[in-house]
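Good morning, and thank you for coming.

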Amino acid sequence: RVTIDGFISDDRKQQEMLQQIVETDGVKALILSINSPGGTTTGSEALYLSLRAVAEKKPVVAVLGTVAASGGYIAAIGADWIIARGNTITGSIGVVFQWAQVRELLDELGIKFNEVKSAPLKAEPSPFTETSPEARAVMEAMVADSYDWFVGLVAERRGFGSSRARILGDGRVYTGRQALEAELIDAIGGENEAITWLQEQHEIDADI
């Protein structure tokens with residue numbers, strides 16, 4: 001049993017633990033318990049790839065807790081089977097890049113910001129200066145690229161066409177019941193149902 005709890009980041013110890021699971025003969029299956037609102041795209045990508053490496057050798061079933069959204073859902077689709085409670089909050093298929101804008105506040109305080117940089121797009125966007133259309137375009141392109149990657153994973157892992165994945169991936173969250181209807185998960189339940197699935201589908205002893 002591996003728990004993914006809280007903010008997901010690029011966690012080397014976690015990746016090493018999952019690799020150890022791959023290499024340990026005594027481990028016959030993995031139950032992935034997820035309670036996470038997401039995290040960084042890089043951390044989510046690394047976790048997903050580590051989970052798929054486990055799944056190549058051993059069955060992996062994800063059990064979603066209170067919330068498994070955004071990067072938490074990326075972790076879930078790294079599993080072979082996804083189970084959630086009826087009121088689990090999941091989905092949030094999308095990418096966000098945010099920054100504050102404090103230029104007017106600095107003006108009110110009489111603080112002047114100075115900088116020297118090698119090119120106009122270096123260190124953009126900045127909270128200290130107005131965001132230029134060129135800088136915003138760079139951020140939009142970056143978000144769109146990461147979003148295409150996320151939607152592609154959903155389409156691949158859930159067997160959707162790209163258009164359906166994009167419809168479901170409009171950033172909204174789903175309850176477990178809604179996610180089941182949308183085929184974003186496979187069943188309603190908890191760890192007992194996960195064990196039953198492992199027993200019935202992979203002949204894993206329930207008392208292992």
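Let me begin with Asp186 and Arg158, which form a salt bridge whose closest N and O atoms are 2.9 Å apart. Asp186 sits in the loop between helix H7 (176-181) and strand S7 (187-188), and Arg158 belongs to helix H5 (residues 133-158), so this pair ties together parts that are 28 residues apart in sequence. Please bear in mind that we are looking at a predicted model.

Are the two partners buried or exposed? Asp186 is partly exposed, at a relative accessible area of 23%. Arg158 has a relative accessibility of 17% and counts as buried, because the cut-off for buried is under 20%.

Glu191 is partly exposed, with a relative accessible area of 26%, while Arg1 is exposed, with a value of 66%.

The other is between the side chains of Arg103 and Asp107, at 3.8 Å from N to O. Here both residues lie in helix H4 (residues 103-109), four residues apart, which is about one turn of the helix. Arg103 counts as partly exposed at 29% relative accessibility, and Asp107 is exposed at 51%.

Helix H1 (residues 12-23) packs with helix H2 (residues 41-55) at an angle of about 10 degrees, and their axes are 9 Å apart. H1 and H2 are therefore roughly parallel to each other, since angles under 35 degrees are placed in that class.

Which residues of H1 and H2 meet? From H1 there are Gln14, Gln15, Leu18, Ile21 and Val22, and from H2 there are Ala46, Leu47, Ser50, Leu51, Ala53 and Val54. By class, this contact comprises eight nonpolar residues, three polar ones and no charged ones.

To close, I would set two pictures side by side: the contact of H1 with H2, which has no charged residues, and the salt bridge between Asp186 and Arg158. Thank you for your attention.

Terms used. Residues numbered from 1 in each chain as written. Predicted model: local features only at pLDDT ≥ 70, side-chain atom pairs only at ≥ 80, totals over all residues. Heavy atoms only, no water. Axes fitted to C-alpha atoms, helices over the stretch in contact; angles between N-to-C directions. Helix = DSSP H or I, 4+ residues; strand = E, 2+ residues; numbered from the N terminus. Parallel < 35°, antiparallel > 145°, perpendicular 65-115°, else oblique. Contact = heavy atoms within 4.5 Å. Nonpolar A, V, L, I, M, F, W, Y, C, P; charged D, E, K, R; others polar. Buried < 20%, exposed > 50% of the residue type's maximum accessible area, 1.4 Å probe, protein only. Salt bridge = Lys/Arg side-chain N within 4 Å of Asp/Glu carboxyl O.
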